Amino acid sequence: MALLIETGLSDWISDDEIAKTIREMQPGADVRTPETIGDASEITMVAVVGLDNDHPKRLPNLQLVQKLGAGVETIVGNPNLPDHVRIARLKPDAPAQGIAEWFVAFILHHQRNMPFHEAAQRKAEWLPKAPIFTPDTVVGVLGLGHIGARSATMLRAIGFQVMGWSRSPKEIDGVTCLHGEDSLPTLLGQCDHVCAILPSTPQTIGLFDAQMLAAMKPGSQLLNAGRGDLINESALVDALDRGAPGHAVLDVTSKEPLPSDSPLWSHPGVTITPHVSGWHLGEALADVAENFQRLTAGTPLLHEVDRTRGY
Ligand code: NDP
């Protein structure tokens, strides 16, 4: 039984560095990289960021695909991944904290009139303007899982009124929780900021179409850190032109990198960040090592994905 590290993340952290860290955590573990793969039939677990269609064919005895992150859509949707192969993801604290901070940063940027004050400074103008009062502001969080629940709790602690939305019912202290697709327009109609942190599944792809965007409050802000395919981008441009929502902050787009001819780049109502909201892996590699040990021992895996649900 061998673990293959094949992430393609070389400009951030190399496969060799990840393999070395996992060997330190699990002395004696057979951890390989594409350079040291040897007999591919001995690989039972592979750690990846994404899975190309040919990948499973190269590893005939694969039992587990470990995503080095959270979004598993390219793995769940892989047409060549045999049904018996299991999928696990990571749930480290660091990206959950990072994404919650990303939401807070852009919401406070708006609440405190930062673009207005920066523009006034450039003209040497002293222009007092009232900040928007936090307790009067309603923030919606779409997706109340590992990252969304943390974001909702952080926003509540700052003093916002917080509404949450998920597939199944949830209870989070101080947060008004709704669930199911029928309740989404009700939530959107009440929120000044909408923070989306949903997985990409057949149910969420294109969920923000022209009709759903029309349910948003005029002048509200849509922030997306989940997956870009949640939003129909041409419908978003039309909606922004009409002022509802008034602004979009996108860390993820339907094509990444965002093509240079995308109208999103130059739209005055759009702020783009290049998929950086959940940057740090934190303690996550310990769970990769732990899952290899659990797979070998035949005990339950950490953070196994439900392949039928898609996340
Ligand atoms: P979780 O699986 O822990 O949570 C997903 C949440 O989405 C759950 O609350 C789930 O509801 C809800 N959900 C799923 N489908 C629907 C639906 N059809 N309608 C309503 N709610 C739905 O995932 P995480 O919080 O860890 O991550 C979410 C996504 O964020 C990832 O899948 C990934 O795509 C993205 N991501 C982006 C990063 C970045 O850097 N920009 C970094 C990390 C993740 P329920 O609780 O009822 O199951």
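Trainee: Which residues does Thr-201 touch, not counting residues up to four places away in sequence?

Mentor: This is a predicted model, so read every value as computed. Thr-201 touches Arg-309, Gly-310 and Tyr-311. Now place it on the chain. Thr-201 sits in the loop between strand E9 (193-196) and helix H8 (210-214).

Trainee: Is Thr-201 buried or exposed?

Mentor: Go by relative accessible area. Buried means under 20%. Thr-201 has 4%, so it counts as buried.

Trainee: How do I compare separation along the chain with separation in space?

Mentor: Take two pairs, and read both numbers for each. Phe-106 and His-193 are 87 residues apart along the chain, and their C-alpha atoms are separated by 9.7 Å. Ala-29 and Ile-13 are 16 residues apart in sequence, yet 20 Å apart in space, C-alpha to C-alpha.

Trainee: Where is Ala-29, and what is it in contact with?

Mentor: Ala-29 is in the loop between helix H1 (15-25) and strand E2 (31-32). Leaving aside neighbours within four places, Ala-29 is in contact with Arg-23 and Phe-292. A relative accessible area of 16% makes Ala-29 buried.

Trainee: Which residues of H9 are buried, and what do they pack against?

Mentor: For a helix, list the buried residues, then find their partners. In H9 the buried ones are Glu-233, Ala-235, Leu-236, Val-237, Ala-239 and Leu-240. They pack against H8, strand E10 (221-224), E11 and E12. Now look just past the end of the helix. Gly-243 takes a positive phi of about 90 degrees there.

Trainee: Which residues other than glycine have a positive phi near 55 degrees?

Mentor: Check the backbone angle, then the residue type. Asn-113 has a positive phi of about 55 degrees although it is not a glycine. His-303 also has a positive phi, near 55 degrees. Asn-113 is in the loop between H4 and helix H5 (114-122), while His-303 is in the segment after H10. Asn-113 is buried at 9% relative accessibility; His-303 is partly exposed at 25%.

Trainee: Which peptide bonds are cis?

Mentor: Read omega. The bond from Ala-244 to Pro-245 is cis, with omega near 5 degrees. A cis bond also joins Glu-256 and Pro-257, where omega is about -5 degrees. Pro-245 is in the loop between helix H9 (233-242) and strand E11 (247-250). Pro-257 is in the loop between E11 and strand E12 (270-272).

Key:
Residues are numbered from 1 along each chain as its sequence is written. This is a predicted model: local features need pLDDT of at least 70, side-chain atom pairs count only at pLDDT 80 or more; totals for chains, interfaces and linings use all residues. Side-chain values use heavy atoms; hydrogens and water are left out. Helices (H or I, at least four residues) and strands (E, at least two) are DSSP runs, numbered from the N terminus. Buried means under 20% relative accessible area, exposed over 50%, partly exposed in between (1.4 Å probe, protein chains only). Contact means heavy atoms within 4.5 Å.
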